[in-house]
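Hello,

Here is the structure we talked about, passed on for your files. My notes on it follow below.

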Amino acid sequence: MRLDQTSYDFWSSPFSSASDQDFGAPETADEFARNVIATICHASVTPGVGRRAFERCMRSLMLGSTVRVGFRHPGKAEAIDLIWQQREQLFQGYTASSDKLRFLSMLPWIGPVTKHSLARRLGLEASETHKAVA
């Protein structure tokens, strides 16, 4: 296998950027899908476990494989594969939606609590560090 600059950039740059990024509105379908996937990977686990799961998932997807290769949770893996496969349609639906929070709640493996985490990632809600404290 011959490595070109794109291959080098892929392996040398960690995918934690979507995992630890400044939150804001996604501009592309790939960016949208990465945010959804990062939210799923971080659900109900420590930040370190979520970050590693996200990195493994993105590597598998970039290689054209299923995330089941590096992710043990069958329900989350199936949801992540589906989100990646349908990212263009999902992003179009998201951008066209007038009720974005409701749209997020209809995504696979995004529940009533997780939709708020995803909304913060997508810049729809203020992060907890910026919320007013009563």
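Which residues are buried in H3? Please keep in mind that the model is predicted. In H3, the buried residues are Ala29, Phe32, Ala33, Asn35, Val36, Ile37, Ala38, Thr39, Ile40, Cys41 and His42. That makes H3 mostly covered, with eleven of its 14 residues buried.

The helix itself covers residues 29-42 and reaches 20 Å from its first C-alpha to its last, close to the 20 Å expected at 1.5 Å a residue. After H3 comes Ser44, which has a positive phi, near 65°.

Pro26 counts as buried because its relative accessibility is 10%, and the cut-off for buried is under 20%. Leaving out residues up to four places away in sequence, Pro26 touches Glu31 and Phe32, and also Phe91, Tyr94 and Leu122. Phe32 is also among the buried residues of H3. The C-alpha atoms of Pro26 and Gly123 are separated by 8.5 Å, although the two residues are 97 apart along the chain.

As for the protein chain overall, it has eight helices and zero strands. Of its 134 residues, 39% count as buried. The chain exposes about 8,100 Å², and carbon and sulfur atoms supply 53% of that area. Taking contacts between residues at least 6 apart in sequence, 57% join residues at least 24 apart.

Regards

Definitions and conventions
Residues numbered from 1 in each chain as written. Predicted model: local features only at pLDDT ≥ 70, side-chain atom pairs only at ≥ 80, totals over all residues. Heavy atoms only, no water. Helix = DSSP H or I, 4+ residues; strand = E, 2+ residues; numbered from the N terminus. Buried < 20%, exposed > 50% of the residue type's maximum accessible area, 1.4 Å probe, protein only. Contact = heavy atoms within 4.5 Å. Areas by Shrake-Rupley, 256 points an atom, 1.4 Å probe, with all protein chains shown as cover. Expected span 1.5 Å × (residues − 1).
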